[in-house]
Amino acid sequence: MITRRNRLIGVEVSLYEMPEEDPECRWQTDCSHGNCVGHRTKKLAMSFLAVPWEWCEECSALHEAKTKGAAESSPGASAAAASGGVQG
Ligand SMILES: [Zn+2]
């Protein structure tokens, strides 16, 4: 098993070999949020290990916050805020 701490988002990600699994997902990556993905080769898994935001929603949100500086607002419910209070 390989465990690394992603420098950009500060999340620990691990690589496991699962010999009993389907060859298509023998190499599995997981992050500290409990999400995991299977990969066919170790090389492929290593490439995914470096970019947890590609396969974990929570890591993706962290990555967006790091790269964009602010989280995006949730879609669908923004009209109510348009006509309302005045901030002093
Ligand atoms: Zn994650």
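Where is the place of Ser32? Ser32 lies in the loop between β3 and β4. The sections below set this residue within the whole chain, which is a predicted model.

## Overall organisation

The protein chain contains two helices and four strands. Read from the N terminus, its elements follow the order β-β-β-β-α-α. Of the 88 residues in the protein chain, 15% are buried. Contacts between residues at least 6 apart in sequence include a share of 24% that join residues at least 24 apart.

The protein chain has a mean pLDDT of 85, and 77% of its residues reach 70 or more. In residues 77-81, however, the pLDDT is below 50, and this stretch has one contact in the model beyond near neighbours in sequence.

## The sheet

The four strands form an open sheet in the order β1-β2-β3-β4, with antiparallel pairing. Its edge strands are β1, residues 2-5, and β4, residues 36-39, each of which pairs on one side only. On average, neighbouring strands of the sheet are turned by 20 degrees against each other, direction ignored. Helix α1, residues 42-49, packs on this sheet and touches β1, β2, β3 (27-31) and β4. The direction of α1 makes about 10 degrees with that of β3.

## Strand pairs and hairpins

Four bridges join β1 to β2, the strand of residues 12-17, in the antiparallel sense. Within this pair, Arg4 has Val13 in β2 as its bridge partner, and Ile2 stands opposite Leu15 in β2. The hairpin of β1 and β2 has six residues between the strands, and Gly10 takes a positive phi near 70 degrees there.

The antiparallel pairing of β2 and β3 extends over five bridges. Here Val13 stands opposite Cys31 in β3. Four residues separate the strands in the hairpin of β3 and β4, where Gly34 takes a positive phi near 90 degrees.

## The nonpolar core

Which residues make up the largest nonpolar core? It consists of ten residues in all: Ile9, Val13, Trp27, Cys31, Ala45, Leu49, Trp53, Cys56, Cys59 and Leu62. At least two residues of this core come from each of β3, α1 and α2 (57-68).

Cys59, one of the core residues, touches Ile9, Val11, Cys31, His33, Pro52 and Trp53, leaving aside residues up to four places away in sequence.

## The surroundings of Ser32

Is Ser32 buried or partly exposed? Ser32 counts as partly exposed because it has 17 C-beta neighbours inside 10 Å, whereas a buried residue would need 20 or more and an exposed one 12 or fewer.

Residues up to four places away in sequence not being counted, Ser32 touches Val11 and Glu12. The C-alpha atoms of Ser32 and Arg5 are separated by 9.8 Å, although these residues are 27 residues apart along the chain.

Terms used
Residues are numbered from 1 along each chain as its sequence is written. This is a predicted model: local features need pLDDT of at least 70, side-chain atom pairs count only at pLDDT 80 or more; totals for chains, interfaces and linings use all residues. Two strands pair if DSSP finds at least two bridges between them. Axes are lines fitted to C-alpha atoms, for helices over the stretch in contact, and angles run from 0 to 180 degrees between N-to-C directions. Two residues are in contact if their C-beta atoms, placed from the backbone, lie within 7 Å. A nonpolar core is a set of buried Ala, Val, Leu, Ile, Met, Phe, Trp, Tyr and Cys residues joined through C-beta atoms within 7 Å. pLDDT is the predictor's confidence in each residue, from 0 to 100.
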